[in-house]
Amino acid sequence: NATPRTRPDDLGCLKLLLAHGASATIVRNDKSTVLMCACALGEHRAVELLLTKSDATETLDWLDGSYRCALRCACNYDAPKIMVETNPALEHMPKTGRLFALVGVHQKFERCVQLLLRGKAVVDGLRTFTPLMEASRRGNAGCVRILIKHRANHHVMHEGETVLMRAARQNHHSTTRVLLKGLQEAEAQTSGVADYVNLRSKYDSKSNYSPWITNPDNSASATSSGSEPELETEQMTALLLACEKLHEKCIHILLEFGADVHAQSTFRNTPLLSLMASKNASVKRDPMSEPGAASKTKRCLLTLLEHGAAYDGQNFMLNHQNDDKSTALTLAAEQGRLDCVTLCIEKYRDALDLNTEDQNESTALLFACKGSLVPMKSEVCIKLVSVLLSAGADPSRRSPLLHIVHEDAAVEVA
């Protein structure tokens, strides 16, 4: 099992070794068994031969150093087919485990999933981390389609997130569309799908896991003192999550299936605010040195505005403040999003409040003068300051001159 690739005489050698009492339960340093190696090499004839020996069948549910069983190591369809259809010893493995072992792998394992489902493998189980959750996390749209067709539970939450949130977080837009399309066909009710799309994440305050820990020091101190940590977590919808991660295609798909463009998180962040506050790696550096990243944010903003994000029927949502009293404009200026600030002023100049202060009494103009949270070139800073001043921003609020980073911008303000 140490050879990197198979040779024509490997099967004959294997027969001789087994005939002379070679053990199939030996493991390598990475804890992989002979059966795992045969599956990984795609040697279905070797798999079939090994499974005639009782000691090899004992290793069916063994896990290697990467927590993979023999089924999970398989690189083609033939080996799993033999293991599932021709070997009765496989029945001692949980059916959920057999399905779960294959779901997260490449698209070619869709046939294996269908095979297992025809054998009445259950589609749910493993508590909250179900095969559907794993397929969604890995972006395996084909397996998601099959599992939804077989009525897999899509309402289950793992670590506070639904199957849809997992797909949106990882930017698996194909999986997101397949999941929602499948649910739409299965339920035959658009309203039911819209309700599911707009569910908010739920995090247990006793859990150590949360992608939105706002005060990690509290967690550390509480744990050291012996009491349970109090984690302040933001509960978000799939659309809020997609906006925060700048997943453009996912945003389009979620809105198409009825995502609420005015949904608010527990910190009163809307999709507009989440988009403007995004600290995605592609825009963390100088936004003007990466025009593609900057225009992506603008395209996402245009998509939200086209779906009515600016007004909720009563209020002008570009002036909406979250718990930190930040607006979309102040967050855009804070992140140095010149194209987004310009777009908002051009479209909503009369309704836009340019002088709103956040909880630190900082305005959009002040953030522009500071040079924002990301490094900005001098000309970008000047343009951002100039756009805000031309639109009517008040330069007397908290003396922006004291926070100027670039000398040319100071001249502009003066």
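Mentor: Start with a term: a crossing of two helices is left-handed if the near helix is turned anticlockwise from the far one by less than a right angle, and right-handed if clockwise. Keep in mind that the model is predicted. Two packed helices are described by the angle between their axes and the distance between the axes.

Take helix α10, residues 141-149, and its partner α9, residues 131-138. Their axes come within 9 Å and cross at roughly 155 degrees. An angle over 145 degrees counts as roughly antiparallel, which means that α9 is roughly antiparallel to α10. The crossing of this pair is left-handed. On the α9 side, the contact is made by Pro131, Leu132, Ala135 and Ser136. On the α10 side, Cys143, Val144, Leu147 and Ile148 take part. Sorted by type, the residues of this contact are seven nonpolar, one polar and no charged.

Helix α10 also packs with helix α12, residues 173-187. Here the axes are 9 Å apart and the angle is about 15 degrees. Angles under 35 degrees count as roughly parallel, so α10 and α12 are roughly parallel to each other. The crossing of α10 and α12 is right-handed. From α10, the residues Ala141, Val144, Arg145 and Ile148 meet Ser174, Thr175, Val178, Leu179, Gly182 and Leu183 of α12. The residues of this contact divide into six nonpolar, three polar and one charged.

Leu164 lies in helix α11, residues 163-169. Its relative accessibility is 0%, so Leu164 counts as buried. Leu254 is 90 residues from Leu164 along the chain, and the C-alpha atoms of the two are separated by 9.6 Å.

Note on methods. Residues numbered from 1 in each chain as written. Predicted model: local features only at pLDDT ≥ 70, side-chain atom pairs only at ≥ 80, totals over all residues. Heavy atoms only, no water. Axes fitted to C-alpha atoms, helices over the stretch in contact; angles between N-to-C directions. Helix = DSSP H or I, 4+ residues; strand = E, 2+ residues; numbered from the N terminus. Parallel < 35°, antiparallel > 145°, perpendicular 65-115°, else oblique. Contact = heavy atoms within 4.5 Å. Nonpolar A, V, L, I, M, F, W, Y, C, P; charged D, E, K, R; others polar. Buried < 20%, exposed > 50% of the residue type's maximum accessible area, 1.4 Å probe, protein only.
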